[in-house]
Amino acid sequence: MACDASTARSSFERWLDEAGAKPLILGHFDADGLAAVAILARSLPGAEVRLVGKGETPWTPAVRAELEQRRPAAIVATDLGVREGDILTGTPTCLLDHHVPTGTPGTALVISGNGCTPEPTSALLAFWACGSPDDLLWLAALGLIGDMAEEAGFPELEAAQKRYGKTALRNAVSLVNAPRRTASADASPALALLMKCNSPKELLSDAHPETALLHAAKEEVKAEMEVARRVAPKVRGEVALIPLDSPCQIHPLIAQQWRTRLRDKVVIAANKAYRPGWVHFAARTGAGHDLIRFFAERRPEGAGSEYGSGHKAASGGALPVPLWNRFVADLGFPEEQIA
């Protein structure tokens, strides 16, 4: 675990010295992941970046095949989980993450906030690992707000709020999160802004053309949410299932909204149109269920690393349609089979 800046920085500096080369930075495409990537890339000039987006993890076959061809000298993966096996065998690898580990990642160094109280997000871990650069403090704050750690009590967030303003930081998070939820899931305009802006107010201004792209993305997602909000949950036992049909990544937002209304349930929002051939789902609970255990106990045979990761109260994943059909029938919803 890395529960403080000193531990994260010393561990990362030793790993960089041993790797002896600029790493390829892999990062998730939500606000916390994008902010972590921007902090790392701005602190390690010359390092290349590859966002890991819709339906991908560094452990999925397509991404591994791409990395085999690319053969980076070293890899830093951030906000992408801690899963079983090396990402790229023989390549020095560091994982900066805060999710519940679901496996042993080979020989990789893991700098994790999971288990710490309070729990640092990936962006804060990256901020610490890079020596807490003062000009990038606002990026660490975006990660904390994006992953709902505003009340965790980190002094970095309090300092950023005083310097940049709570409203500006929250609005920046909302905008940065928008493009990854669209049908195209292209978060590159958001990352471009995080790489060149010096404050959330600059990001929100019209100084750069990417800001308009983020506003357009937000409108696309808003329209899909208006439809999805009208879908009624189906409740069986401890599970509330909300079936969705959208190319946008709205299932986490819908699950989160219903969590507060169905507090004693495991709320699962399942989206059959997010990616062809797959069902992507997000689960939330307000009743203290351990969702990592919930999904592990119901893991269908053949499910990959995309299934059942995240946090105890916020999990989810993806299953190919045949496995989803088996999974949802076992949950008590046999009528939710997808042809």
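Guide: Start with Leu 194. Leaving aside residues up to four places away in sequence, Leu 194 touches Leu 34, Ala 35, Ala 38, Arg 42, Trp 138, Leu 139, Leu 142, Val 176 and Leu 203. The model is predicted.

Leu 194 belongs to the largest nonpolar core, which has 60 residues. Among the residues with the most contacts inside this core are Leu 194, Phe 12, Leu 96 and Trp 138. Several elements each supply at least two of its residues, including helix H1 (5-19), strand S4 (93-97), helix H7 and helix H8 (188-196). Helix H2 gives the largest share, nine residues. Apart from this core lies another, of 21 residues, with Val 239, Phe 295, Leu 331 and Phe 333 among them.

Now helix H7 itself. H7 runs over residues 166-181, 16 residues in total. From first C-alpha to last, the helix reaches 23 Å, close to the expected 22 Å. Its buried residues include Ala 168, Leu 169, Ala 172, Val 173 and Val 176. Asn 177, Arg 180 and Arg 181 are buried too.

Pro 179 also lies in H7. Pro 179 counts as buried because its relative accessibility is 4%, under the 20% cut-off. Beyond residues up to four places away in sequence, Pro 179 touches Ala 185, Asp 186, Ala 187, Ala 190, Leu 214 and Ala 217. Asp 30 is 149 residues from Pro 179 in sequence. In space, their C-alpha atoms are 9.0 Å apart.

Technical notes
Residues are numbered from 1 along each chain as its sequence is written. This is a predicted model: local features need pLDDT of at least 70, side-chain atom pairs count only at pLDDT 80 or more; totals for chains, interfaces and linings use all residues. Side-chain values use heavy atoms; hydrogens and water are left out. Helices (H or I, at least four residues) and strands (E, at least two) are DSSP runs, numbered from the N terminus. The expected span of a helix is 1.5 Å times one less than its number of residues. Buried means under 20% relative accessible area, exposed over 50%, partly exposed in between (1.4 Å probe, protein chains only). A nonpolar core is a set of buried Ala, Val, Leu, Ile, Met, Phe, Trp, Tyr and Cys residues joined through side-chain atoms within 4.5 Å. Contact means heavy atoms within 4.5 Å.
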